[in-house]
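Colleague: Could you take me through how aromatic pairs and a ligand shell are read in a model?

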Amino acid sequence: MADPSVEVRLGLSFQRVESQANGLSVWFLGADGSQTTVETSLLIGADGVHSPVAAFAGCKPPVDSRLVAHRFSIADAPGPEIEAWLAPSSHAVSYPMRKSGERNLVVVEPVGVPHGAPDSRDWNPRLSDFLTRGDYLGAWPLLTVDADDRLRSRERIVLIGDAAHAMFPFAAQGAAMALEDAWVLASCLATKATIQEGLAAYAATRLPRIQRVLKRVSFHRRVYHLGWPLSLARNLAMRVRPEAAMRADLSWLYDWRAEPIAPPL
Ligand SMILES: Cc1cc2nc3c(=O)[nH]c(=O)nc-3n(C[C@H](O)[C@H](O)[C@H](O)COP(=O)(O)OP(=O)(O)OC[C@H]3O[C@@H](n4cnc5c(N)ncnc54)[C@H](O)[C@@H]3O)c2cc1C
């Protein structure tokens, strides 16, 4: 819905930011080489794991995990809602993208597999079939950032989404957390008396939740990539543990609800 207080400008690339007496000057570069400057009281960096805004805020660069996510699209592959295959140091997840039966497949492997695509020989037959006939979409190096540093409150710059807390996609939460960040930040800025108070409230609200999600992601990494014989214990536990109990373990994650935003009267 169009909002007259919001102006969307596309095709501008953030270049740099400078502090002024009462705010910030932010420089953008257009596709035609032209420069645009915006005067603002707050800069929100929602610019992904390689965030140039984070670099300007003095944050440490992302860390390469030496894991890579290979992505495939498979046509005409009906099946369950979500399928996962676990192996020592690797795992794969597949889910439907469209009603046509097309599926997305993500295979996480250590860096260094020849030809940039995983070798399908040792996988389960259904996964091997996907790897053989799927369209290879490319490899995403998996990077992480120091969320404690990036989420802390700064005077006039704030980070959200992957810029603030890029995480491994092992709990499928990166985009979900980016959306939560945006909502909470809007709420904090709308309800607090000053920008500084709003940013402090945002950091205080988001940090514990993001830390908890990151802990869960690390747990998934350890459990998914277990080697034999610990993998046998994992498989047994997954077989015997009721689905409802597994779901209840994660209610803190999936049952999060956005509070309505109520600006001060
Ligand atoms: C293989 C894989 C599978 C995933 N699966 C899931 C999943 O199932 N569920 C889930 O929730 N998450 C998943 N994620 C994570 C999810 O994709 C990210 O967490 C999410 O895209 C982060 O959103 P974002 O808006 O913060 O950053 P991005 O999506 O990276 O967007 C950043 C934007 O900033 C722009 N930008 C960059 N530099 C500049 C600049 N200088 N000036 C202006 N604009 C700039 C970019 O063009 C881009 O549009 C997965 C990730 C991977 C790699």
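**Aromatic pairs and the ligand shell**

Modeller: Phenylalanine 14 and phenylalanine 28 are both buried, where buried means under 20% relative accessible area, exposed over 50% and partly exposed in between, with a 1.4 Å probe and protein chains only. This is a predicted model, in which local features need pLDDT of at least 70, side-chain atom pairs count only at pLDDT 80 or more, and totals for chains, interfaces and linings use all residues. Residues are numbered from 1 along each chain as its sequence is written, and side-chain values use heavy atoms, with hydrogens and water left out.

Colleague: What geometry does the aromatic pair of phenylalanine 14 and phenylalanine 28 have?

Modeller: Rings of Phe, Tyr and Trp (its six-membered ring) pair if their centres lie within 6.5 Å, and planes under 30 degrees apart count as stacked, over 60 as edge-to-face and the rest as tilted. Here phenylalanine 14 and phenylalanine 28 are edge-to-face, at 6.2 Å centre to centre with 75° between the planes. Phenylalanine 14 also pairs with phenylalanine 56, and because the centres are 5.7 Å apart and the planes at 85°, that pair is edge-to-face. Phe14, Phe28 and Phe56 form one aromatic cluster.

Colleague: Is phenylalanine 56 buried or partly exposed?

Modeller: Phenylalanine 56 has 42% relative accessibility and therefore counts as partly exposed.

Colleague: Which residues come nearest to the ligand?

Modeller: A residue is near a molecule if one of its heavy atoms lies within 4 Å of it; of the 19 residues around the ligand, Phe14, Asp162, Ala172, Gly174 and Ala175 come nearest. By class, this shell has eleven nonpolar, five polar and three charged residues, where Ala, Val, Leu, Ile, Met, Phe, Trp, Tyr, Cys and Pro count as nonpolar, Asp, Glu, Lys and Arg as charged, and the others, Gly among them, as polar.
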